[in-house]
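Please keep the sequence and the structure in view while reading.

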Amino acid sequence: MIKLGSHIKFKSPNYLIDSIEESIENKANTMMIYLGPPQSTIRANISKYKLEEYKEKYKNIIKPEDIIVHAPYITNLANPEKKNFACEFLIKEIERMNYIGAKYLIIHPGSHTKFTRKDSIKTLIESLKYIFINTKNVEILIETMSGKGTEIGAKFEEIKYIIDKVNNSRLNVCLDTCHIWDYGYDVKNFKKLIKELKKTKIFSLIKVIHVNDSKNPIGSSKDRHENIGKGYIGLEPLKKIVNAQEFKNVIKILETPLVNKKPIYKKEIKLLSV
Ligand code: FE
Ligand code: FE
Ligand code: ZN
């Protein structure tokens, strides 16, 4: 069965219980959460998660390992001045994930800002090695970026280079359809995309796909997500990716915009399921 879900709120007072119930209501069988605000590193104590209640009631519906965690945006492992803070924070984040039993932590590779791309990639590699030495179980997935600003990790070859250098089987990839489209990979051409992923040896490393349409044409480097079927990619190419045999063991997560201040994941999950 296809694993399809969405980004979902994880917050006080019911944490896991509300997240799971909302996901089930959307007919999702997986979900992605931030363990606190995406733009801050404030985190609630794990004792508030309602893990026991979740395990009693829902762990057979959405398994702990199918709860994906996204790191906050502000942790930049590739910035020599910020990497220490980012590493220590993510080590703690992984401990919180191990408490839940969550398997995948998605990170943005970072931006090189005032540093050179080369130095920044070197810093990212060191940061990842350090995190792996100091944690267990959880796999880190590097998300493919759109290349806006000074972002690193838009080009498949660059991500593969980083993964090869870190050389740890706990390091894999999260493919974001909006981001790769915005960078310049043709998501509408399924065969060509698969060929490119195989050629760059990214294909077998993909564990999660962020399924998003894009508000902008291919190559725009904007990173503005659009609702499924409402953007420049369109419904059919995204439906193809969600249901493809090639990605049958890959977890798919929606991160589409709110409509009238509300998520429409339930509708989009239905739209994407065949
Ligand atoms: Fe992301
Ligand atoms: Fe994403
Ligand atoms: Zn994005």
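In this predicted model, Lys215 counts as partly exposed because its relative accessibility is 34%, whereas Glu226, at 14% relative accessibility, counts as buried. The side chains of Lys215 and Glu226 meet in a salt bridge, with N and O at 3.4 Å. This pair links distant parts of the chain, with Lys215 in the loop between strand S8 (213–214) and strand S9 (225–226) and Glu226 in strand S9, 11 residues apart.

**Salt bridges**

Another is formed by Lys3 and Asp66, whose closest N and O atoms are 3.2 Å apart. Here too the pair links distant parts of the chain: Lys3 belongs to the segment before strand S1 (4–7), while Asp66 sits in the loop between helix H2 (51–57) and strand S3 (67–70), and the two are 63 residues apart. Lys3 counts as partly exposed, with a relative accessibility of 27%, but Asp66, at 5%, counts as buried. Lys3 and Asp66 also belong, together with Lys63, to one network joined by salt bridges that share partners.

A further salt bridge, between Lys122 and Glu126, has an N to O separation of 3.8 Å. Both of these residues lie in helix H4 (residues 117–133), 4 residues apart, which is about one turn of the helix. Lys122 counts as exposed at 52% relative accessibility, and Glu126 is partly exposed at 35%.

| Pair | N to O distance | Relative accessibility |
|---|---|---|
| Lys3 and Asp66 | 3.2 Å | Lys3 27%, Asp66 5% |
| Lys122 and Glu126 | 3.8 Å | Lys122 52%, Glu126 35% |

**The iron sites**

The iron ion (ligand 1) is coordinated by His70 and His108, each through NE2, and by Glu143 through OE, at 2.1 to 2.2 Å. Along the sequence these donor residues are spaced H-x37-H-x34-E. His108 lies in the loop between strand S4 (104–107) and H4, and Glu143 lies in strand S5, so this pair ties together parts of the chain that are 35 residues apart in sequence. His108 is partly exposed, with a relative accessible area of 21%, whereas Glu143 is buried, with a relative accessible area of 1%.

Which residue bridges the iron ion (ligand 1) and the iron ion (ligand 2)? Glu143 does so, and the two ions lie 3.3 Å apart.

Glu143 is in strand S5 (residues 139–143) and Asp176 in strand S6 (residues 171–176), so the pair ties together parts that are 33 residues apart in sequence. Glu143 and Asp176 are both buried.

Key: Residues are numbered from 1 along each chain as its sequence is written. Chains are lettered from A and ligands numbered from 1 in the order in which they are written. This is a predicted model: local features need pLDDT of at least 70, side-chain atom pairs count only at pLDDT 80 or more; totals for chains, interfaces and linings use all residues. Side-chain values use heavy atoms; hydrogens and water are left out. Buried means under 20% relative accessible area, exposed over 50%, partly exposed in between (1.4 Å probe, protein chains only). A salt bridge is a side-chain nitrogen of Lys or Arg within 4 Å of a carboxyl oxygen of Asp or Glu. Donors are N, O and S atoms within 2.8 Å of the metal (3.2 Å for Na, K and Ca); water is not among the atoms, so sites may look incomplete.
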